[in-house]
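Hi there,

Here is the structure I promised to pass on to you. Have a look at it first, and then read my notes below.

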Amino acid sequence: MSTDQNTGRVAVITGASSGIGEATARALAADGYRLALLARRVDRIEALADEFGEGAIALEADVTDRDSLVAAARRVERRLGSADILVNNAGVMLLAPFTSDQRAEHRRMVETNLLGAMTATEVFLDQLRHGGGDLVNLSSVAGRTARPGNAVYAATKWGMNGWSESLRQELQPDVRVMVIEPGAVATELTDHITHADTKQAAEQMYEQLAITAQDIAEVIAFAVNRPRRMTLNEILIRPTGQAL
């Protein structure tokens with residue numbers, strides 16, 4: 001992709017400090033986008049922004065805190081101009097059997113994965129509409145296929161898919177809505193699982209077959225670089241050896 005046609009376009013990425021968010025930042029920077037990197041771990045996004053130079057800014061923000069997103073949106077508009085792309089990447093995957101012991105993890109997933117994406121979109125929506133933008137929502141294969149141990153995680157991703165489909169119809173043709181549904185990807189997601197047996201099983205599975213964050217980032221970059229006359233609304237990406 002020639003960088004010329006993307007010069008001046010602004011991409012906002014939540015959860016940009018690692019994994020798919022960081023990889024997407026690198027892919028879009030290579031395509032000439034200017035970047036607003038949002039995350040809680042400000043040291044990581046500052047280092048990443050320094051790598052990209054003048055066309056990138058690091059903004060400390062938590063998708064569960066609307067005030068921090070509002071402040072970030074104002075800074076994006078002031079320093080870079082209106083956002084052309086919002087990548088709702090921030091998320092957690094706290095897999096475990098469904099029990100009361102996991103109620104804090106349940107709430108955290110709902111508030112981050114689903115409500116966080118909704119809040120970020122609500123805050124940036126006027127900017128996306130301003131110039132005809134793209135909304136990219138990171139869902140999961142778990143948004144299609146639930147299994148034991150991922151009930152709440154799957155619920156957040158099924159919710160993401162339903163919400164995104166409604167927005168697709170509501171916002172067209174001004175804003176293109178794209179849902180990316182990765183299977184097992186080698187990121188930090190498994191590091192935060194608190195249920196020991198589930199964590200061990202997930203790590204073993206990911207070690208055997210996970211694809212890379214760069215694989216997903218390249219698909220995202222491809223999708224947003226399609227001509228405005230078309231939209232890749234839903235993209236399911238599994239490791240070749242993943243059964244479910």
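**The sheet and its surroundings**

Asp134 has Arg176 as its bridge partner in β6. This belongs to a parallel pairing of β5 (residues 134-138) with β6 (residues 176-182), which runs over five bridges. Two strands count as paired if DSSP finds at least two bridges between them, and strands (E, at least two residues) and helices (H or I, at least four) are DSSP runs, numbered from the N terminus.

Before going on, please note that this is a predicted model, where local features need pLDDT of at least 70, side-chain atom pairs count only at pLDDT 80 or more, and totals for chains, interfaces and linings use all residues. Residues are numbered from 1 along each chain as its sequence is written, and side-chain values use heavy atoms, with hydrogens and water left out.

The open sheet holds seven strands with parallel pairing, in the order β3-β2-β1-β4-β5-β6-β9. At its edges stand β3 (56-60) and β9 (234-237), each with a single partner strand, so one side of each has no neighbour in the sheet.

In general, most peptide bonds are trans.

**A cavity**

How many cavities of 30 Å³ or more are there? The count is one. A cavity here is a set of points on a 1 Å grid over the protein atoms alone where a 1.4 Å probe fits but cannot get out, and lining residues have an atom within 4 Å of a point. The volume, meaning the space filled by probe spheres set on the points, is about 50 Å³ for the largest cavity. Its lining has 14 residues, and the closest to the centre are Leu94, Ala96, His106, Met109 and Val152. Both α4 (103-131) and α5 (151-171) supply at least two residues of this lining.

Enjoy exploring!

Note on methods. 1 Å grid on protein atoms, 1.4 Å probe; cavity = no way out; pocket = protein on both sides within 12 Å on 5 of 7 lines; lining within 4 Å.
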